[in-house]
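Below is a short briefing on the model shown here, grouped by topic.

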Amino acid sequence: MLRLLSQQLRLNERDLHDTSTTQTDGSSFNASMQTSPASMINQYKFEEEEEDADTKDIFVTVDNPESHVTAIETYITYRVETKTTRSEFDSSEFEVRRRYQDFLWLKGRLEEAHPTLIVHPLPEKFVMKGMVERFNEDFIETRRRALHKFLNKIAEHPIFSSSEDFKIFLTAGSGELTSHKKQGPGFLSRMGETVKAVAAAVRGVRNRPQEFTDMQEYAEAFSQKISSLDKVTQRIVREQKEYLEELKECGPTYALWSQSEQELAEPLKNVAGCVDNCCKETEEQVKHLNDHLIPVLHEYVLCADTLKAVLRRRDNIQADFEGKTEALATKKADRDAMRDELDKAEDRLEWANNALKTDWTRWQKVMRTDLRSAFIDTAERNVSYYEKCLAVWESFLQSQRTDAEGNGNVDSS
Amino acid sequence: MADSGSEEIAVIGNTDLTPSESENNLKNTMVEKGTSLLKMMEISVAEAEKRTGKNAVNMQETYTVYLIETRPVDAASEGTNPVPDSLWRRYSEFELLRNYLLVTYPFSVVPPLPEKRAEFVWHKLSADNMDPDFVERRRVGLENFLLRVASHPDLSSDKIFYSFLTEENGWKETVFETGFQAKADSRLKALNATFRVKNPDKRFAEMKHYGDELQSVISQLLRVRARAADRLYGVYKVHGNYGRVFSEWSAIEKEMGDGLQSAGHHMDAYAASVDDILEEEEHYADQLKEYLFYADALRAVCRKHELTQYELEMAAQDLTSKKQQREELATGTIRTFSLKGMTSKLFGQETPEQREAKLKMLETQIEEGEELVKERNAECEEFVKSAWVDIERFKEQKDHDLREALISYAIMQISMCKKGIQVWNNAKECFSKM
């Protein structure tokens with residue numbers, strides 16, 4: 001059933017390329033569609049069974065960053081490998097190279113085609129503060145991981161994964177991709193859409209249904225909370241690093257001391273070793289936080305922004321509809337054409353609302369899964385950290401006990 | 001018990017005293033050794049109190065007094081529980097006692113007092129002498145000091161020490177009456193000896209060097225540890241923010257709300273747990289500090305050796321030069337320069353009577369000199385013998401105590417890890433319910 005739906009939607013996307021539509025921000029609605037979107041939405045159900053890993057039929061990886069130098073610029077490309085059993089793909093394996101711009105393009109296309117669906121965020125365009133070189137290893141690796149997640153989230157999305165643009169992104173050679181990119185709606189029509197979008201935004205929506213206001217409030221609150229969590233986690237990482245710096249001096253001090261001692265030399269050296277081991281564990285733990293929890297939190301900070309943007313776009317579609325309703329009520333000429341446009345606008349609105357509601361629910365589930373597993377992972381890592389440190393100190397105690405027994409110093413306790 | 005002021009408080013035989021305080025490992029060492037006051041008497045510094053009064057320059061001051069309680073050992077073991085004898089002392093009186101002991105028993109490694117001012121503090125710890133935590137730790141340190149002195153083979157039988165524990169009034173006067181202050185070596189004298197001594201006992205030179213190293217390395221360790229404690233505090237406390245945000249976040253979520261809320265509580269517990277952890281570590285730091293100050297006491301003994309050795313060398317040197325003078329006078333040859341010799345050369349020889357008189361004087365001086373050298377030599381040997389015995393005793397005590405301290409540090413770390421494991425396992429369970 002999902003297949004049927006995705007085929008219908010692909011039809012939509014091809015129509016988009018005709019530039020025969022005039023809509024506010026490029027919704028994929030086309031007057032020539034046979035079935036009404038309302039009836040289609042009824043079919044747009046999420047069947048969770050189809051989403052679990054066992055039935056996953058497409059696997060995408062992003063790896064192998066390489067640097068390219070040209071006369072004008074230096075940029076990085078990433079290898080994107082796809083393995084799939086889907087019939088719409090000509091082959092079962094693909095390997096292409098893509099740069100960040102290409103990912104941006106894909107995201108833009110998906111948003112244009114589905115303005116009220118939630119597209120997983122891309123890593124940020126520019127470097128974060130504090131980084132000197134755009135292309136240092138850590139930055140590239142962080143970006144690579146985020147790009148990998150992005151594509152996988154697209155692949156897991158019931159609507160996006162059947163997107164033609166997505167397929168082309170995964171399979172087309174660089175020449176083919178470039179020419180495909182040029183096919184999008186022309187500059188002028190896009191300008192026209194932007195103007196209409198601004199006009200709609202300025203007009204504002206009059207009768208926003210309560211459920212969308214609730215979503216708005218949620219998005220605001222969620223954004224605040226997740227940003228706080230991001231900041232708190234970053235602060236923890238900073239404090240841990242500073243703790244590590246101090247701890248690193250403890251071991252050597254014990255070792256230094258052991259050099260002045262005789263009987264105490266061995267236990268002191270032992271303690272020095274224990275402290276050094278704990279340092280290593282602490283270092284690993286910090287790295288894990290940095291590599292796992294922080295990127296996830298950061299993604300969801302960006303997601304929160306996406307939620308707000310999606311709600312805004314929905315509002316604009318509604319504003320457009322309300323505007324057209326008003327126009328019909330007041331103007332006398334061209335009533336037929338205007339009624340036609342109003343119907344389209346109404347359908348577009350219904351489509352947008354339903355798509356958003358469904359995708360919102362889906363997004364919440366995904367968010368819950370992602371964040372839950374990220375926190376569980378962090379908790380497990382912390383447990384493991386403490387277990388390892390515990391073992392280190394217990395082995396010290398053990399060595400002291402056996403030492404005492406060896407020297408015949410045991411108290412009969 | 002408090003009125004048997006006999007000089008020799010000797011209890012022969014092994015009394016099986018097992019320490020009741022798990023914290024105070026010292027008691028293990030102390031009670032095992034031979035004759036000591038501790039076998040007869042229970043000593044504790046039970047309380048601390050603030051007092052205000054007029055000081056020496058007639059100004060109001062606030063100070064802390066400590067309650068010293070003593071009780072005969074037998075009474076406790078017989079089952080009766082008499083009220084302990086007690087008196088109040090302030091820190092300056094402890095200092096006076098210690099100074100007296102330092103001068104009177106220069107060959108002993110005298111136990112140190114807890115620090116006068118809080119050092120090696122990290123941010124949460126107060127550097128204020130009036131702070132209740134500082135006062136509490138000082139109380140423990142003072143008790144420690146008394147117990148150490150009371151179990152020392154030489155110091156424990158000292159009368160002044162005994163009356164410090166038992167006679168509240170007039171003790172200060174008694175101490176001053178001993179005239180110990182006059183016997184104290186001046187700093188200058190000691191410094192002079194250190195630079196000029198020619199043949200100090202090698203072992204003492206090594207000990208002094210060891211004392212220097214010990215002081216340096218323990219200071220460094222205490223500094224590093226304090227900084228690390230500061231940072232660790234920060235790490236734990238920031239997790240408290242998780243608690244707050246989870247709680248706020250749970251308010252806007254439906255299914256995730258409960259899991260988040262309870263996870264938040266565990267984060268709060270985690271943040272709070274660092275206070276206990278660091279308080280325990282302070283005990284460890286105090287144990288290290290004791291030996292930091294002990295290093296000083298050790299060096300004092302070595303310096304005293306240098307002084308006695310130097311004085312012996314000076315006396316011997318003086319004797320040698322006097323003997324040479326006698327020889328020259330007797331044979332007429334002048335090998336040593338003397339103003340008298342030069343002037344007599346320039347202005348004429350001495351009369352035989354004069355020479356006779358001089359010779360006689362020299363003989364007397366030489367006799368006295370030989371006596372002095374014998375005396376000083378005996379002193380030196382005696383000192384070396386006694387001091388080395390105490391140094392060996394100290395070494396054993398130090399090795400034992402510090403090893404115990406390291407073990408208790410490891411136990412602390414283990415306890416901290418176990419708490420961490422528990423909290424994060426709990427948190428994980430809550431997260432699973434999200």
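Helices (H or I, at least four residues) and strands (E, at least two) are DSSP runs, numbered from the N terminus. In those terms, B:Leu362 is found in helix H12 of chain B. This is a predicted model, in which local features need pLDDT of at least 70 and side-chain atom pairs count only at pLDDT 80 or more, while totals for chains, interfaces and linings use all residues; side-chain values use heavy atoms, with hydrogens and water left out. Residues are numbered from 1 along each chain as its sequence is written, and chains are lettered from A and ligands numbered from 1 in the order in which they are written.

**Around B:Leu362**

- B:Leu362 counts as buried because its relative accessibility is 5% (buried means under 20% relative accessible area, exposed over 50%, partly exposed in between, with a 1.4 Å probe and protein chains only).
- Apart from neighbours within four places in sequence, B:Leu362 is in contact with B:Lys322, B:Gln325, B:Arg326 and B:Leu329 (contact means heavy atoms within 4.5 Å).
- B:Gln220 lies 142 residues from B:Leu362 in sequence, and the C-alpha to C-alpha separation of the two is 56 Å.

**Chain totals**

- Chain A has 10 helices and 3 strands, and its pattern along the sequence is α-α-β-β-β-α-α-α-α-α-α-α-α.
- Chain B has 12 helices and 3 strands.
- In chain A, 50% of the 413 residues count as buried; in chain B, buried residues make up 46% of 434.
- Of the contacts in chain A between residues at least 6 apart in sequence, 76% join residues at least 24 apart.
- For chain B, residues 24 or more positions apart account for 76% of the contacts with a separation of 6 or more.

**The sheet of chain A**

- An open sheet in chain A is formed by 3 strands in the order S1-S2-S3, with antiparallel pairing (two strands pair if DSSP finds at least two bridges between them).
- Strand S1 (58-69) and strand S3 (93-99) of chain A are the edge strands, each pairing on one side only.
- From one strand to the next, the twist averages 20° (axes are lines fitted to C-alpha atoms, for helices over the stretch in contact, and angles run from 0 to 180 degrees between N-to-C directions).
- Helix H3 (residues 100-113) of chain A packs on the sheet and touches S1, S2 and S3 of chain A, its direction making about 105° with that of S3(A).
- Helix H4 (residues 137-156) of chain A also packs on the sheet, where it touches S1 and S2 of chain A; its direction makes about 145° with that of S1(A).

**Strand pairing in chain A**

- S1(A) and S2(A) pair in the antiparallel sense over 10 bridges, and a hairpin joins these strands through 4 residues.
- Bridge partners between them include A:Ile58 with A:Thr84 of S2(A) and A:His68 with A:Tyr75 of S2(A).
- Strand S2 (residues 74-84) of chain A pairs with S3(A) in the antiparallel sense over 7 bridges.
- Opposite A:Thr77 stands A:Arg99 in S3(A), and opposite A:Arg79 stands A:Arg97 in S3(A).
- S2(A) is mostly covered, with 9 of its 11 residues buried.

**Nonpolar cores**

- The largest nonpolar core has 123 residues, and those with the most contacts inside it are A:Tyr254, A:Leu371 and B:Trp249 (a core is a set of buried Ala, Val, Leu, Ile, Met, Phe, Trp, Tyr and Cys residues joined through side-chain atoms within 4.5 Å).
- At least two residues of this core come from each of helix H8 (210-258), helix H9 (265-330) and helix H10 (335-406) of chain A, and from each of H9, H10 and helix H12 (352-432) of chain B.
- H12(B) supplies the largest share of this core, 22 residues.
- With neighbours within four places in sequence left aside, A:Leu371 is in contact with residues of both chains, among them A:Phe222, A:Tyr300, B:Trp249 and B:Met434.
- A second, separate core of 34 residues includes B:Leu38, B:Leu97, B:Phe161 and B:Tyr162.

**Helix packing in chain B**

- Helix H9 (residues 202-250) and helix H10 (residues 257-331) of chain B pack at an angle of about 170°, with their axes 8 Å apart.
- H9(B) and H10(B) are therefore roughly antiparallel to each other (angles under 35 degrees count as roughly parallel, over 145 as roughly antiparallel, 65 to 115 as roughly perpendicular and the rest as oblique).
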